[in-house]
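Please open the structure in your viewer and keep the selection tool at hand.

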Amino acid sequence: MSGDFLALARPGVQKLSPYVPGKPVDELARELGLDPAHIIKLASNENPLGASPRALAAISAALAGLTRYPDGNGFDLKMRLAERCGVEVNQVTLGNGSNDILEIVARAYLAPGLNAVFSEHAFAIYPIVTQALGADARVAPAREWGHDLPAMLAGIDQNTRVVFIANPNNPTGTWFGPQALEDFLTDVPKDVLVVLDEAYIEYAEGADLPDGLNFLAEYPNLLVSRTFSKAYGLASLRVGYGLSSPVVADVLNRVRQPFNVNSFALAAATAALDDVDYVSESRHLNEAGMQQLQDGLQSLGLSWVPSKANFLAVDLGREAASVYDGLLREGVIVRPIGGYGMPNHLRVSIGLPSENSLFLQALSKVLGA
Ligand SMILES: *Cc1c(COP(=O)(O)O)cnc(C)c1O
């Protein structure tokens with residue numbers, strides 16, 4: 001008789017469902033016999049601009065080193081990040097995407113008997129990395145779809161080692177301001193690591209959205225994670241980073257895989273960081289697209305969760321699954337978020353103006369049908 005390798009997995013792992021990514025264009029083309037060129041994907045919060053030419057040039061130049069292991073210390077990228085973010089190099093941890101940073105944090109600090117606190121409707125990776133380590137997930141109730149920081153504070157107990165917070169949050173787009181963050185950091189026990197996930201910060205940093213970096217010096221229990229996957233347009237390369245106290249960075253760098261960020265990702269990210277025009281163009285395109293989508297949704301009589309990210313969670317006022325399927329048949333891929341406790345919403349990423357219009361047309365057709 002063979003072993004039951006599901007039952008043999010950690011109890012927390014048995015309870016996980018596999019992460020469901022946005023449907024790839026080629027998969028939909030295969031399934032429905034559509035021309036991939038006529039499909040638009042607004043499902044994974046990717047940058048619609050196309051990569052920065054500087055990043056592309058850096059990748060071409062890095063090809064000559066294909067047979068060599070990458071620089072395991074990520075020297076150039078860490079130097080540039082430290083300079084840009086106003087921290088020391090020993091406060092930077094590089095990740096294979098920022099998801100890797102979240103997982104490294106979990107591996108370093110969580111174990112059976114310990115727990116992590118995060119919010120209802122929060123990013124799907126938090127329960128995955130927590131339960132994979134055999135730790136407990138303590139889920140705090142959300143408020144108007146967003147993080148309720150006092151409720152999260154109340155969820156912390158003596159076994160809490162990590163709190164995961166996304167600002168803005170995915171899939172809701174909700175955010176909180178600097179004062180709320182400051183109050184939270186002041187009240188959180190000093191031996192709880194606060195992971196502030198700022199994957200979308202470049203889209204909205206400003207008066208109402210705090211820059212987590214401003215709090216690093218005062219709060220050694222804060223880690224800010226960021227990514228090159230969204231506003232920097234490098235999702236396929238998998239590169240992100242954590243900024244923290246030197247002690248936390250030292251711990252994370254002991255746990256991470258030695259070559260977790262590949263040479264092309266290192267080169268492209270370093271180049272992309274200097275392409276400030278690309279990032280500001282991304283931000284402007286996003287602001288215009290956000291307005292375009294909101295105008296269109298309003299004329300369809302729909303509402304949405306207010307968002308400071310590059311996507312909107314649209315409220316269909318009824319089970320969204322059939323609308324999602326209808327959009328697929330129109331060649332438009334968005335993201336159902338029932339798995340996040342939001343069965344009546346669809347998350348749509350902001351695309352190019354033409355993609356946003358095609359989405360709105362398709363949605364109007366599907367709703368009218
Ligand atoms: C997209 C996203 C990330 C980034 O993931 P990468 O691994 O860097 O591609 C992290 N956190 C949130 C909340 C996200 O939505």
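The domain bounds used on this tour come from an automatic or database domain assignment. The model is a predicted one, in which local features need pLDDT of at least 70 and side-chain atom pairs count only at pLDDT 80 or more, while totals for chains, interfaces and linings use all residues. Residues are numbered from 1 along each chain as its sequence is written, and side-chain values use heavy atoms, with hydrogens and water left out.

**The two domains**

Select 21-50 together with 277-367 and colour this part as domain 1; then select 53-274 as domain 2. The C-alpha centres of domain 1 and domain 2 are 26 Å apart. Across the boundary, 22 residues of domain 1 are in contact (heavy atoms within 4.5 Å) with 24 residues of domain 2. The size of an interface is often given as the accessible area lost when the parts come together. Here domain 1 and domain 2 bury about 2,100 Å² between them, 64% of it on carbon and sulfur atoms; buried area is the accessible area (1.4 Å probe) that two parts lose on being put together, summed over both. Now show Arg283, Lys308 and Tyr340: in domain 1 these lose the most area to domain 2, together 34% of what that side buries.

Helices (H or I, at least four residues) and strands (E, at least two) are DSSP runs, numbered from the N terminus. Two strands pair if DSSP finds at least two bridges between them. Next, select strand 13 (residues 345-349), which is joined to strand 12 by two bridges and runs antiparallel to it. Which residue of strand 13 stands opposite Arg335? It is Arg347.

**Enclosed spaces**

A cavity is found on a 1 Å grid over the protein atoms alone, as a set of points where a 1.4 Å probe fits but cannot get out; lining residues have an atom within 4 Å of a point. Grid points are joined across faces, edges and corners, and a volume is the space filled by probe spheres set on the points. There are three cavities of 30 Å³ or more.

The largest cavity holds about 60 Å³ of space. Select its lining, which includes Asp71, Lys78, Arg256 and Phe259. By class, this lining has five nonpolar, four polar and three charged residues. Ala, Val, Leu, Ile, Met, Phe, Trp, Tyr, Cys and Pro count as nonpolar, Asp, Glu, Lys and Arg as charged, and the others, Gly among them, as polar.

The second largest cavity holds about 50 Å³. Among its lining residues are Val314, Leu346, Val348 and Phe359. Strand 13 and helix 14 (353-368) each supply at least two residues of this lining, which has eight nonpolar, no polar and no charged residues.

**Backbone details**

Most residues other than glycine have a negative phi, and most peptide bonds are trans. Zoom to Pro168, in the loop between strand 5 (160-166) and helix 8 (178-187). The peptide bond from Asn167 to Pro168 is cis, with omega near -10 degrees. Pro171 also lies in the loop between strand 5 and helix 8, and a cis peptide bond with omega of about 15 degrees joins Asn170 to Pro171.

Terms used. On a 1 Å grid over the protein atoms alone, a cavity is a set of points where a 1.4 Å probe fits but cannot get out, and a pocket is an open set with protein on both sides within 12 Å along at least five of seven lines; lining residues have an atom within 4 Å of a point.
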